[in-house]
Amino acid sequence: MDTVARRDKSNRPALSFYVPEPPARPGQPVDFSHIEVPEAGAVRCPDISEPERDMRDLPYGLIRVLDEKGRAVGPWDPRLDPDTLRAGLTAMLKTRLFDERMFRAHRQGKTSFYMKSLGEEAIGAAQALALDLGDMNFPTYRMLSWLMARNYPLIDLCNQIYSNERDPLRGRQLPILYSARDYGFYSLSGNVGSRFGHAVGWAMASAFKSDDKIAIGHVGDGTTAEGDFHEALTFAAVYKAPVILCVENNQWAISSFSGIAGAGETTFAAKAIAYGIPGLRVDGNDFLAVYAATLWAADRARTNHGPTLIEFFTYRAAGHSTSDDPTRYRPEDEASKWPLGDPLERLKAHLIAIGEWSEEQHEALIAELTADIKSAVKQAEAIGTLGQSKPNPREMFEDVFAHPDWRIREQRREAGV
Amino acid sequence: MPAMNMIQALNSALDIKLGSDPDTLVFGEDVGYFGGVFRVTEGLQKKHGLSRCFDSPISEGGIVATAIGMGAYGLRPIVEIQFADYILPAYDQLVSEAARLRYRSNGEFWCPITVRSPYGGGIFGGQTHSQSPEAIFAHVTGLKTVIPSNPYDAKGLLLAAIEEYDPVIFLEPKRLYNGPFDGHHDKPLTTWAEHKLGEVPAGHYTVPLGSASVMREGREATVLAYGTMVHVCNAAIAESGIDAELIDLRSIVPLDIDAIVKSVKKTGRCVIVHEASRFGGFGGELSALIQERCFYHLRAPIERVAGWDTPYPHAFEWDYFPGPVRVAKALKRCVEAVA
């Protein structure tokens with residue numbers, strides 16, 4: 001008998017099984033005491049050529065630019081001109097108003113499904129403005145603000161959401177799984193994370209062709225547990241792909257809090273350290289911080305310094321989708337107590353603070369955007385809503401292959417289309 | 001024409017594409033400096049450069065995901081999955097992404113990728129180096145699945161696959177890499193140098209996907225096969241003395257339905273042979289298609305010979321592998337059946 005087997009085990013405690021739980025559940029007081037909100041401007045901004053080994057403090061900080069008074073402070077201030085700030089605000093506002101209108105449309109039975117970006121509008125809007133038109137975004141389904149910032153036609157959004165006969169994706173996709181190549185917006189699918197590696201491959205291809213375009217990919221906090229996330233980071237690191245890989249940590253993966261994805265042990269930005277790529281942790285509700293971090297990572301990518309992982313620390317203020325009721329798993333008032341505030345209100349406050357915006361202008365913008373949305377909705381509803389109108393079923397048989405094979409041809413005939 | 005084995009023929013196809021199309025590149029586990037564990041990519045890195053043929057992390061999902069992104073950009077990546085058994089980690093990428101990208105984006109994005117993979121048994125690879133996963137890809141609309149049975153077809157089909165605008169799964173019967181194999185594991189092996197289909201033109205040519213090949217004409221029964229089973233069936237037909245027609249499908253998607261129907265209507269009998277497990281295998285689809293289109297011409301029930309419905313066993317490889325004896329028995333049952 002060896003010494004290990006003979007050792008006395010009588011005093012050893014029984015193993016305990018651990019399952020993480022969020023600080024508060026429905027009916028309990030909101031508890032965000034575990035979230036540290038550092039001062040705006042406190043995090044340093046290294047040169048893009050700084051070696052990764054010297055940047056390992058960044059994944060544990062939180063890059064913030066806008067302070068409590070709406071001022072832009074610190075080394076990450078991107079010093080944007082007022083027109084860009086107003087463009088960002090407009091995109092965010094348009095996203096929010098459109099989301100509200102489409103949420104109602106779902107409740108009225110005009111569409112099958114909808115997902116809001118509420119609370120996360122700064123990310124897509126800032127990135128759409130920070131990146132070049134030739135770059136490609138491999139988005140999540142909560143990046144409508146990218147399309148809004150790039151002026152994707154509202155009527156096309158409505159037509160897809162209503163799956164009517166003018167649906168730009170011809171009735172083949174869920175309402176919010178857009179594809180808009182000309183707007184730098186890659187085709188979405190329902191499988192989370194499966195496009196993260198595509199972003200890396202696309203970026204590698206751009207480098208292979210000695211092009212100047214870069215890719216940006218997104219996943220949610222929950223998706224960091226998928227193999228796709230780790231595969232994409234591995235390939236991005238190995239081949240120094242000109243890609244920005246983003247984690248939108250909105251705290252909730254449907255009803256599972258971010259601790260279930262590993263946030264209880266470390267930050268999502270810190271996962272970059274194991275891959276030898278820089279990791280930034282950024283206030284995702286701060287338009288200026290999102291813009292600055294994206295631009296910094298883009299500059300790295302464009303100068304062959306390789307990929308960057310950015311965690312955008314934010315909060316999904318609405319339910320996961322129209323099929324979800326968040327009051328079943330988190331305190332009802334949690335969203336309103338989120339310590340990083342509302343991204344739209346914060347940018348508005350900043351514009352007002354620098355004398356480039358006013359409440360009157362804001363109200364006028366709301367009225368103008370509401371009218372635009374109303375007009376687009378009206379036009380789309382005239383074409384038809386779900387079940388009232390749809391593309392010709394012939395469309396169902398197209399684009400399966402580049403050229404249809406005999407099965408497709410025969411089945412189209414059998415279907416009588 | 002020079003004699004090539006299947007490895008050399010595939011290497012020649014890749015060499016030609018890398019030399020003629022600057023948008024092609026080859027990557028996968030061990031394919032770069034080393035030239036692949038089966039040597040299919042040997043010399044390509046040295047000749048075409050590091051960026052055209054390179055090693056990847058051991059990450060099948062990552063390999064295919066990366067290839068899809070490259071394809072969406074406009075390249076034609078050719079990737080190797082070291083064994084078809086390892087395709088499963090990439091299955092989600094192939095099924096949920098590659099197969100559907102064109103469809104779901106209304107043609108805005110597509111990915112002309114070729115996924116090469118050695119497949120099938122007969123080399124004592126056990127269950128993790130012997131499987132035949134073709135049916136799971138054939139079932140997924142949007143993917144094409146190609147399986148050559150000889151060096152001539154291997155080169156022509158691979159060139160056609162690379163030039164496709166759709167994602168192609170290219171399964172290489174590894175038992176055939178060095179020579180034809182008729183299932184008689186206890187007899188001396190032959191090489192492709194002794195076979196007319198081992199004569200492979202050095203230049204570019206294609207074998208169109210979806211064009212089956214009549215390997216042997218006959219009047220009493222039709223035998224449908226692909227990959228290694230083509231050679232097993234050829235031996236079985238010869239040994240049975242039955243005047244059977246042998247069709248090598250060459251690709252199962254697209255499927256040459258016309259060639260199948262024409263032959264079965266002529267012979268009135270059909271034996272379907274594949275190495276993959278029988279239940280839910282591609283033979284079931286072939287059988288259903290023949291029943292739908294040739295029922296009144298059939299003079300006997302359709303026969304299926306396939307791998308057993310067990311995982312691929314190591315020590316029992318020759319009991320599992322459908323050999324000429326089993327095929328000949330099925331042929332005999334078919335011909336002797338009285339309607």
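Student: A salt bridge is a side-chain nitrogen of Lys or Arg within 4 Å of a carboxyl oxygen of Asp or Glu; with which residue of chain A does Asp23(B) form one?

Tutor: This is a predicted model, in which local features need pLDDT of at least 70 and side-chain atom pairs count only at pLDDT 80 or more, while totals for chains, interfaces and linings use all residues. Residues are numbered from 1 along each chain as its sequence is written, chains are lettered from A in the order in which they are written, and side-chain values use heavy atoms, with hydrogens and water left out. Between chain B and chain A the count is three salt bridges. For Asp23(B), the closest N and O atoms are 2.5 Å apart, and the partner is Lys209(A).

Student: Which helix or strand of chain B supplies the largest share of the side that touches chain A?

Tutor: Taking contact as heavy atoms within 4.5 Å, 47 residues of chain B are in contact with 42 residues of chain A. Helices (H or I, at least four residues) and strands (E, at least two) are DSSP runs, numbered from the N terminus. The largest share of that side of chain B, 10 residues, comes from α3(B).

Student: Why does Ser389(A) count as buried?

Tutor: Ser389(A) lies in the loop between α11 (359-383) and α12 (406-414) of chain A, and its side chain reaches the backbone nitrogen of Glu165(A) at 3.0 Å. Buried means under 20% relative accessible area, exposed over 50%, and partly exposed in between (1.4 Å probe, protein chains only). Ser389(A) therefore counts as buried, because its relative accessibility is 9%.

Definitions and conventions
Polar contact = N/O pair within 3.5 Å; in protein donor to acceptor, adjacent residues only side chain to side chain.
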